[in-house]
Amino acid sequence: MGTQQERRSVEERREQLIDAAINVLASEGIGAATTRRITDEAGLALGAFHYAFTSKDDLLHAVIERFSSGIETVLQHAIVDPQAPLEGLGDQLIRGYWSFIEETPELQLAQYEVAVHALRDEALRPLAELQYQRMADAVEQVLQDHPQVPDGQARRDVASYLAAVMDGLILYRVVERDPAAAARRLEVFIATLPALIEHTRRGATNGVAAG
């Protein structure tokens, strides 16, 4: 019983510290996100940090995991009909992705802080790479069984393209803070999907012909 309570307590502290780190990263930036500042934000003693995380970098990994797993979960639930025509599937995917963005603005800003910080530190660079790989993975998972999406590298290219455009739209949304303008840009992106799909189909057809 005691072990279960202790495990639950550690898990609860981890979640508290992740929440606190996201708040500090979003409002004050990576420079302010010391272990002391984060534990203060969480309402915990400084010593509690090391019961939950081995280091600050370990906590930053957990922030990225929160972001990545959130996208994966949202996309899994956003797809009502996985065998819909590709235009419809893309529409479901993008709107589901965007709903997560609008519901978690602090998390979006925090993940940018972590990504930029990681790119400046060679030891942490894999964390930034993992973040963007997971974004593309989540999109590719939705696309993988659709008959209109080619296999292999072409499918990965489509997934990473969609993730990259969404990332740009997210950053613009964070900077501009105009939800109406962001919604209009999203509709423009969705309107371009037929051209992307046609390009994908031509590429797949040309690949088969060349083979």
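Helices (H or I, at least four residues) and strands (E, at least two) are DSSP runs, numbered from the N terminus. This is a predicted model: local features need pLDDT of at least 70, side-chain atom pairs count only at pLDDT 80 or more, and totals for chains, interfaces and linings use all residues. Residues are numbered from 1 along each chain as its sequence is written, and side-chain values use heavy atoms, leaving out hydrogens and water.

**Largest pocket**
- A pocket is an open set of points on a 1 Å grid over the protein atoms alone, where a 1.4 Å probe fits, with protein on both sides within 12 Å along at least five of seven lines; lining residues have an atom within 4 Å of a point.
- Helix α6 gives the largest share of the lining, four residues.
- At least two lining residues come from each of α5 (86-103), α6 (105-119) and α8 (152-176).
- The lining includes Ala26, Pro105 and Arg177.

**Glutamine 92**
- Glutamine 92 sits in helix α5.
- Its relative accessible area is 16%, so it is buried (under 20%, with a 1.4 Å probe and protein chains only).
- Its side chain reaches the backbone nitrogen of valine 80 at 2.5 Å.

**Histidine 146**
- Histidine 146 lies in the loop between α7 (125-143) and α8.
- Histidine 146 is buried, at 3% relative accessibility.
- A polar atom of its side chain lies 3.1 Å from the backbone nitrogen of glutamine 148.
- Histidine 146 touches residues including Pro82 and Leu89, not counting residues up to four places away in sequence.

Definitions and conventions:
Buried < 20%, exposed > 50% of the residue type's maximum accessible area, 1.4 Å probe, protein only. Polar contact = N/O pair within 3.5 Å; in protein donor to acceptor, adjacent residues only side chain to side chain. Contact = heavy atoms within 4.5 Å.
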